[in-house]
Amino acid sequence: MKNFSTAVMALTLAIGAAGCSQTAQGVVTDTKGNVSAVRGGIETLDVKAAIIADKTVDSGAIDVDTYQDKKLVVLRGSVPTEAQKAKAEQIARANATGYTVENRLAVVANK
């Protein structure tokens, strides 16, 4: 009976250790994903704040999306002139160092 109890305890410890290993790996993976999301969010805020701060760009209809895993910033929405579209892209490039910027802004004249 003592040998059986020892075997069961050893098996339980082995399974528990394997489970802890998997949990630790999951925590590391989740943490890396969360850090990436936070960094992407910071880039989004930096770019959007810089566009808002520039009074030559009507930023009310501009959305900024950042894809940290692709190192990509995407500008979406609309502006009233080609000059504002170009300026928004210039601001995004200046504030998202190391990122590619896709300018998908539409030029829609105000009525």
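In the hairpin of S1 and S2, Lys71 takes a positive phi near 55 degrees. Four residues lie between the two strands of that hairpin. The model is predicted. A search of the whole structure finds four salt bridges.

**Hairpin and its loop**

- S1 and S2 run antiparallel and are joined by six bridges.
- Tyr67 has Leu72 in S2 as its bridge partner.
- Gln68 sits in the loop between S1 and S2.
- Gln68 counts as buried because its relative accessible area is 15%, and the limit for buried is under 20%.
- Gln68 and Glu43 are 25 residues apart in sequence, yet their C-alpha atoms are 8.5 Å apart in space.

- Strands of a sheet pair through backbone hydrogen bonds, in either a parallel or an antiparallel sense.
- S2 and S3 pair in the parallel sense, over eight bridges.
- Along this pairing, Arg76 has Arg104 in S3 as its bridge partner.
- Ser78 stands opposite Ala106 in S3.

**Helix H2 against the sheet**

- S2, H2 and S3 together make a right-handed β-α-β unit.
- Arg93 has its place in helix H2.
- Arg93 is partly exposed, at a relative accessible area of 42%.

**Nonpolar core**

- The largest nonpolar core has 16 residues.
- Those with the most contacts inside this core are Val47, Ile51, Ile62, Val64, Leu75 and Ala88.
- Two helices give two or more residues to the core: H1 (2-53) and H2 (82-95).
- Strands S1 (62-67), S2 (72-79) and S3 (100-107) also give two or more residues each.
- Which residues does Leu75 contact, leaving aside its neighbours within four places in sequence? The list includes Val47, Ile51, Val64, Ala88, Ala92, Val101 and Leu105.
- Leu75 is also in contact with Asp63, Glu89, Glu102, Asn103 and Arg104.

**Salt bridges**

- One of the bridges joins Asp54 and Lys87, with the closest N and O atoms 3.8 Å apart.
- This pair links distant parts of the chain, 33 residues apart: Asp54 is in the loop between H1 and S1, and Lys87 is in helix H2.
- Is Asp54 buried or exposed? Asp54 is buried, at 17% relative accessible area.
- Lys87, at 29% relative accessibility, counts as partly exposed.
- Arg76 forms a salt bridge with Asp65, the closest N and O atoms being 2.4 Å apart.
- Arg76 lies in strand S2 and Asp65 in strand S1, so this pair ties together parts that are eleven residues apart in sequence.
- Arg76 is partly exposed, with a relative accessible area of 27%.
- Asp65 is also partly exposed, at 27% relative accessibility.
- Arg104 forms a salt bridge with Glu102, and the closest N and O atoms are 2.5 Å apart.
- Arg104 is partly exposed, at 46% relative accessible area.
- Glu102 is partly exposed, at 29% relative accessible area.

- Arg76 pairs with Arg104 as bridge partner in S3, and forms its salt bridge with Asp65.
- Arg104 forms its salt bridge with Glu102, and is in contact with Leu75.

Methods
Residues are numbered from 1 along each chain as its sequence is written. This is a predicted model: local features need pLDDT of at least 70, side-chain atom pairs count only at pLDDT 80 or more; totals for chains, interfaces and linings use all residues. Side-chain values use heavy atoms; hydrogens and water are left out. A nonpolar core is a set of buried Ala, Val, Leu, Ile, Met, Phe, Trp, Tyr and Cys residues joined through side-chain atoms within 4.5 Å. Buried means under 20% relative accessible area, exposed over 50%, partly exposed in between (1.4 Å probe, protein chains only). Contact means heavy atoms within 4.5 Å. A salt bridge is a side-chain nitrogen of Lys or Arg within 4 Å of a carboxyl oxygen of Asp or Glu. Two strands pair if DSSP finds at least two bridges between them. A crossover is right-handed if, with the strands pointing away from the viewer, the path from the first strand over the helix to the second runs clockwise.
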